Amino acid sequence: MPKKVILDVDPGIDDAMALCIALFHPELEVLAITAVGGNCSADQATRNVQAIVEQLDPPRWPRIGAASPPEQALPVEGRYLHGNDGLGDVELQVAELRSRHPSEKVISDAIRSSPNSITIIALGPLTNIARVFQRDPELSSLVDRIIISGGTVHGPGNITPAAEFNVYCDPEAAREVFRSPSTKTLIPLDVTNRIMLSYDLFNRLPDEATKAGRLLRKILPPAFRAYRQCFGLEGIHVHDSITLTAAIHPELFTFKEMAADVETMGELTSGMTVFDRRRVPAWRHNMEVAVEMDEKQVVATMISDLGGKPAE
Ligand code: BDR
Ligand code: CA
């Protein structure tokens, strides 16, 4: 039976790539895609979700959740890597949303109607999920699992020296979700940084005759340019697509139970994920964390799940 999932996203080029996999994958039933501000503003994220679903036109359309403006302005947006509009400024066409149901309502309603059977795959800041738990704390025990793209255990951050982007955007929300009694899996930068989508891999993606190929071949080239300009790299990170792959193929990853929290105050460390790795830890384990993956197999699986060509 396909796994019932909600994708909470801030598209975002790697979010969009994750949606290209999820919306056509036989092992997933995508009940809803909910937007959250992060790589772009809340309104833009909603527009991007709608545009991606329209472009992909999957056999079953998910419900779409509209991102509410955050309580505090986003400290930063992902513009320098994802473009001003979050999707490489390629100007995807979009129809006006007819009914704008807030993301947190879409998530709450779905969990209430299918208790203990929905996995939330969180690919952006944890703003929506924290709001769901604030509105109705019981829901944190009724969600089957939350799989989170974010944080870093050993490494440096990717938006400040200490913090990973998604956690940095809304550290209070991340802390609330980390501390909630929900069952959680974290896919941190330590793991997702190990894979780069190279030009060779790009050339193995499906061609423009397919809906996913058309979308990816529009939005990925601006990301390649941004990575070259910002980092001098000839490839791009696809953190969220790796997290999605972990949700579908957990056997390709090794997980460890850990105790994690989020720094919300530090002048230099706001948004840092902190793990109790002392010899005798005092904090209780509150999530499983991906610590290893079969890199070759994850890449091959990601390309194949996108409908791409196998390596020659
Ligand atoms: C995360 O930051 C965003 O820019 C990406 O979409 C991903 O979710 C990785 O740190
Ligand atoms: Ca994202």
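This is a predicted model: local features need pLDDT of at least 70, side-chain atom pairs count only at pLDDT 80 or more; totals for chains, interfaces and linings use all residues.
Local features require pLDDT of at least 70 and side-chain atom pairs pLDDT 80 or more, whereas totals for chains, interfaces and linings use all residues; side-chain values rest on heavy atoms, without hydrogens or water. Residues are numbered from 1 along each chain as its sequence is written, and ligands are numbered from 1 in the order in which they are written.

The shell around ligand 1 consists of Asp14, Asp15, Asn39, His82, Leu123, Asn158, Glu164, Phe165, Asn166, Leu189, His239 and Asp240, a residue being included if one of its heavy atoms lies within 4 Å. By class, three of these residues are nonpolar, five polar and four charged (nonpolar: Ala, Val, Leu, Ile, Met, Phe, Trp, Tyr, Cys and Pro; charged: Asp, Glu, Lys and Arg; polar: the others, Gly among them). Polar contacts (N or O atoms within 3.5 Å) to oxygen atoms of ligand 1 come from the side chains of Asp14 at 2.6 Å, Asp15 at 3.0 Å and Asn166 at 3.0 Å. Ligand 1 taken alone exposes 280 Å², of which the protein buries 94% (Shrake-Rupley areas, 1.4 Å probe). Two or more shell residues are supplied by each of α1 (13-22), α7 (165-169) and α12 (239-248); helices are DSSP runs of H or I with at least four residues, and strands are runs of E with at least two.

The calcium ion (ligand 2) is coordinated at 2.3 to 2.6 Å by Asp10 (OD), Asp15 (OD), Asp15 (OD), Leu123 (O) and Asp240 (OD). Donors are N, O and S atoms within 2.8 Å of the metal, or 3.2 Å for Na, K and Ca; water is not among the atoms, so sites may look incomplete. Along the chain the donor spacing is D-x4-D-x107-L-x116-D. Asp15 in helix α1 and Asp240 in helix α12 are 225 residues apart, and both are buried (under 20% relative accessible area; exposed is over 50%, partly exposed in between; 1.4 Å probe, protein chains only).

In helix α13 (residues 295-305), the buried positions are Val298, Val299, Thr301, Met302, Ile303 and Asp305. These residues pack against α1, β7 (197-198), α10 (199-203), α12, β9 (253-258) and β12 (287-293).

Phe24 lies in the loop between α1 and β2 (28-35). Phe24 counts as partly exposed because its relative accessibility is 32%. Beyond neighbours within four places in sequence, Phe24 is in contact with Leu56, Pro58 and Pro59 (heavy atoms within 4.5 Å).

Conventions
A polar contact is a pair of N or O atoms within 3.5 Å; within protein, one must be able to donate a hydrogen and the other to accept it, and residues adjacent in sequence count only if both atoms are side-chain atoms.
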